[in-house]
Amino acid sequence: MKNMSKFSVALLACTAIAPPVLAQDDKIIVGFATAESGFMQAYDKPAQDAAMIRIGEINAAGGLLGKQIEVVNADTKTDRAEGAKAGLSVIDAGADLVVVSCDYDFGAPAALAAEGAGLPSFFLCAESIKAGIQGVGPNSFSASVLAAVQGATMAEWSFTKKNARSYYRLLDTWTEYNKGICDGFDYMLPKLEGASLVGEDTFKNEDASIAAQITRIKSLPAEPDAIMLCTMMPGAVSAIKQIRAAGINSMILNGSGVDGSYWLSAVPDLSNFYVPVQGSIYGDDPNPAVTAFNAKYKEVTGGDPSTQYVYPGYVMIDVWAKAVERAGTTETAAVVAELEKMTAEATLFGPRTFSGELHHQNSAMYLIVETENGKPAVVDNWTISAPIPVADLMK
Amino acid sequence: MAARTPASAARRTIATPVILALILLGLALLAVGSGSRPFNQTMIDIFLRVVLAVGLYIFVGNSGVMSFGHIGFTCLGAYAAAWLTMPPMMKQTLLPGLPGWLMETQLPYWAGAVIAACWAAGWAALFGKILMRLSGIAASIATFAMLAMINTVYSNWETVTGATSSVVGIPIIRSIWPYLIAAVVAVFIAWGHAISRAGLALRAARDEPTAAAASGIDIARQRLIAFVISGAVMGMGGALFAHSIGVVTPDTFYLTLTFTTLSMLVVGGIGSLSGAVLGVVILSGLIQGLRWLEAGVSIGATTFAIPNGLQEITLGIVMIVILAHRPAGIMANSELNWRRARPEIPDDVPGNMPTNKE
């Protein structure tokens, strides 16, 4: 028995070999404390690949502040406790920037570790307001756009461009992200004169049937012009399929979470279906640079981007590198200050703004993708008339 | 042979918690000596698992009733710690439904952990009062139902627990010492209970329920005592868990953690305090070793790495092999002692009196 415990102590000692590496002057280190296994990998990997493309571009152009950017990785295993360790290991490896998982819940432990060590952190694509100052601390940022902006964008765009007047709100209460979309919709709707909410309902992502909710929509005196559907994969497909199968032909408005064509075969000939995206994966982005990026992504990873959630990874390195360049250092306070000065900073995927109050986007230019007869294509773009105030986001 | 008094029982068995505490202290010193933050965090994780496995052992090991519900007390402890130690400002935005006095309270982490342990113990007393009348598989299933109830309440009570959203703002403690102290305290509580009158009576009831009852032991009462004590230890573990990563969500304290803790206890030896501690230490050591291999090891010019995911498979195989060779766990029913494998003194246990078996 004693031998066995000695053995385990020796085994533990082995894991302690890696000594802390001090920040080195001849290179800049980006630490990825992201999921390399577990379900979050499906979200983290594509965005991380996009980040690596931007890092490659910067290095090819001579590096940042004349130094090459190096990358260190630690796997969170889609586990919160492992996430904290992964954060600490990239910090020990000398990271100047800590990149954490896409989702707030899974990225927060690593981001908190970075915050504790006084380092800046970036969530790859979290869309909750907590992913930033409000839920981590003053040095934390998110590379994506708040979910509320997606709901608000869809409400205002459909009102203005599609003359929608009567709305039905259908919320899947599973995640913060879903609630965020509907919160943005709720914020925008009263500001649209003549628009009315004719009904609202909730369901759960895992519900096999939403027949009860559909019956209530069908029993309305008139079919609503638009249904604001605040949900995400995998339950979204079943909900959409059931709505259409019941003969409801209203426009369906969504968040970015249902972007991608991988699921469209499950709802054949889907039409009148709208999704806001930061960039188009369908090869028809109005900005040719996005299409060029898609080609490059395919060259590097061997596949096309599957959803728009690839793009925030690229934006993240882009804005951070600009801030470092302007600050002339990777020192946290200076970099954060430069990031907070960014107002409508141009990026490949639209302008980005950070402030001392919000390290997230409460307004953004979105492309509107319409699916007609099962074929998605960009039909318009929209930026909400005014940013959503932070006070409304915190409700 | 020493007279059978509590003091002599303590003297005879004190070596076990002392050896275990020294092993834990050794691990803590190793972590501090390494100076590596992730390794320090790994060790904190191991100490937390020790607290949980020992907490579970107090009830399961002594009563012989399998409990799937103890992680529920960990959940109660973790949220109590969050309520008590978060800054009032954050509570107002994240948990607006808390009563005013709790909203204003902000305690240091150790006071929060003590109150969290009492809070979990209180609920354990309430649940235990009802559940401890059951025995065998019915009791196990009822504890599982308790876990599901706690999880459902905490996953849906939006204004008080934040429902499924992460609760953040809990002060993070990265020093290893509080966790070491908690693990050592848990070990001594478990030892103290095991050698107490209640502990002996409970083990007697585990081995020979009929004889124990005939000797005047109120089995339900003895089980309840162990249930409450183990609930308190689990609650303390939950509070420290919250402080170790600074985030709590209800799904952290559900099936995965339940089965991880149970499997560590089973591999170590369900009826042994030393088994609870060593099961955690050995399995955690193995997990870390395999993770280290997954990340890649440089030997000379080549880097050797095992494929991602092999860690879980290997761990499963190792657990099967251990249990195939030692069905009662690594330690079976024995405890670590200065002298080699000293047999348990049999005449301490009432069940060992000559009985007529038909």
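In the predicted model, A:Val379 is found in strand E12 of chain A. Leaving out residues up to four places away in sequence, A:Val379 touches A:Ile368 and A:Glu370. A:Asp284 is 95 residues away along the chain, yet its C-alpha atom is separated from that of A:Val379 by 9.6 Å.

E12 belongs to an open sheet of seven strands in chain A. The strand order is E7-E6-E8-E9-E10-E11-E12, and the pairing is mixed. Strand E7 (196–203) and strand E12 (375–383) stand at the edges. Each has a single partner strand, so one side of each is left without a neighbour in the sheet. Direction ignored, neighbouring strands are turned by 25 degrees against each other on average.

At the E7 end, strand E6 (residues 166–172) of chain A pairs with E7(A) in the parallel sense, over seven bridges. A:Leu170 stands opposite A:Asp201 in E7(A). Helix H7 (residues 176–188) of chain A lies across E6 and strand E8 (226–230). H7 runs at about 160 degrees to E6(A).

Most residues other than glycine have a negative phi, and most peptide bonds are trans. A cis peptide bond joins A:Met233 and A:Pro234, with omega about 0 degrees. A:Pro234 sits in the loop between E8 and helix H9 (235–245) of chain A. A:Asn272 has a positive phi, near 60 degrees. Its place is the loop between strand E9 (251–253) and strand E10 (273–277) of chain A. A:Asn272 is partly exposed, with 15 other C-beta atoms within 10 Å. Phi of A:Ala344 is also positive, near 50 degrees. A:Ala344 lies between helix H12 (332–340) and strand E11 (365–372) of chain A, in a loop. A:Ala344 counts as exposed because it has 11 C-beta neighbours inside 10 Å.

The largest nonpolar core has 179 residues. The residues with the most contacts inside it are A:Val98, A:Phe123, B:Phe47, B:Val50, B:Val51, B:Val54 and B:Ala183. H3(B) gives the largest share of this core, 16 residues. Beyond its neighbours within four places in sequence, B:Val54 is in contact with B:Ala186, B:Val187, B:Ala190, B:Val233, B:Leu273, B:Ala276 and B:Val277. Another core, of 53 residues, lies apart from the largest one. Its members include A:Ala155, A:Met232, A:Val258 and A:Val277.

The contact between the chains takes 33 residues from chain A and 35 residues from chain B. On the chain B side, helix H2 (15–34), helix H3 (37–63) and helix H15 (273–295) are the elements that give two or more residues. H15(B) provides the largest share, eight residues. By residue class, this side of chain B divides into 15 nonpolar, 17 polar and three charged.

Chain A has a mean pLDDT of 90, and 94% of its residues reach 70 or more. Residues 1–5 of chain A have pLDDT below 50; this stretch has five contacts in the model beyond near neighbours in sequence. Residues 7–23 of chain A also have pLDDT below 50, and this stretch has 35 such contacts.

Methods: Residues are numbered from 1 along each chain as its sequence is written. Chains are lettered from A and ligands numbered from 1 in the order in which they are written. This is a predicted model: local features need pLDDT of at least 70, side-chain atom pairs count only at pLDDT 80 or more; totals for chains, interfaces and linings use all residues. Two residues are in contact if their C-beta atoms, placed from the backbone, lie within 7 Å. Helices (H or I, at least four residues) and strands (E, at least two) are DSSP runs, numbered from the N terminus. Ala, Val, Leu, Ile, Met, Phe, Trp, Tyr, Cys and Pro count as nonpolar, Asp, Glu, Lys and Arg as charged, and the others, Gly among them, as polar. A nonpolar core is a set of buried Ala, Val, Leu, Ile, Met, Phe, Trp, Tyr and Cys residues joined through C-beta atoms within 7 Å. A residue is buried if 20 or more other C-beta atoms lie within 10 Å of its own, exposed if 12 or fewer, and partly exposed in between; C-beta atoms are placed from the backbone. Two strands pair if DSSP finds at least two bridges between them. Axes are lines fitted to C-alpha atoms, for helices over the stretch in contact, and angles run from 0 to 180 degrees between N-to-C directions. pLDDT is the predictor's confidence in each residue, from 0 to 100.
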